Amino acid sequence: MKIVKVDFVRFVPSKEILNLLEFDKIVVFSENPNELPDDVIKGYLVKAENARELRAKLNQSEDDWIVGVVGEMKVLKQAVMRKRVDVILDFPGRELDYVTIKLAKEKDVAIEISLSKFLCYEGLKRMKFIEDTFELIRIIKKFDTPFILTSGATNIYEMRTKRQILEFFKFFGADVERAEHWIERLIRRYTDPNYIMDGLEIES
C-alpha cells in the first residue's frame, strides 16, 4: 500500500475537488472528529492553553484519529513529549524553538509546514513567515525531524495540488522526498493493517 497524494486540511472538501486536485486521501482535522464523514481520515485538532488542558483533551482521543496539536510554544513543547500526539499542526503565529524541534525528532512527532498561511497574509507578515520557514527547515534538516508539507487549507480556495505544494516548499530548501516519506509513514500507521513499523510489515 503506497499513499502518494495526501493532504491535511481543516474542512471537508467535496469529492469533486479532491478528484480535480488528484488527491488519493485527505486528512481532515477537527475538534470534533466524530462529526466528520467516514470517507475521510479523521484528524483530532487539539487546542490547549496549558499542559493540564492538553492532557485532558488527549485522553478523549480515539485510536483511529491522527492527533494534531496547536497552542503556544510551552504547550507544543509538552505535546511533543506525549505519546498520543502525531503532529504539531501549523498555524499563523506558531512558535517552535530549537529544543522543541529536536525533541520532536526524539519522540517521533511530525511538524506540519503548511501553504495556507502564505496565501492569507501579505506584506511584512508574509515576509516573517518566509524567514521563519527558512529557519525551521534548516533546523529540521539538522536533526532529520519528521515533517510534512501540506496546504493546511481552511477552505477550497487555499487548496493546491500536491505538486504545487511540494514545488513551493522546494524554494525554501525542503527535502520534499523526505517529507513524503514521513507523511506516507504516518498515513500507513492509521490506514494499512499490514503496517507495523518501518521495515516490518505483515505479508499478505
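**Strands, helices and one aspartate**

User: Over how many bridges do S1 and strand S2 pair?

Analyst: Strands are DSSP runs (E, at least two residues; helices are H or I, at least four), numbered from the N terminus. Two strands pair if DSSP finds at least two bridges between them. S1 and S2 (residues 25-30) run in the parallel sense, and their bridges number 4.

User: What are the ground rules?

Analyst: The model is predicted: local features need pLDDT of at least 70, side-chain atom pairs need 80 or more, and totals for chains, interfaces and linings use all residues. Residues count from 1 along each chain as its sequence is written, and side-chain values use heavy atoms, without hydrogens or water.

User: Which strands stand at the edges of the sheet?

Analyst: The open sheet has 7 strands with parallel pairing, in the order S1-S2-S3-S4-S5-S6-S7. Each edge strand has a single partner, so one of its sides lacks a neighbour in the sheet. They are S1 (6-9) and S7 (147-150).

User: Is Asp 192 buried or exposed?

Analyst: Asp 192 lies in the loop between H8 and strand S8 (195-197). Buried means under 20% relative accessible area, exposed over 50%, partly exposed in between (1.4 Å probe, protein chains only). At 7% relative accessibility, Asp 192 is buried.
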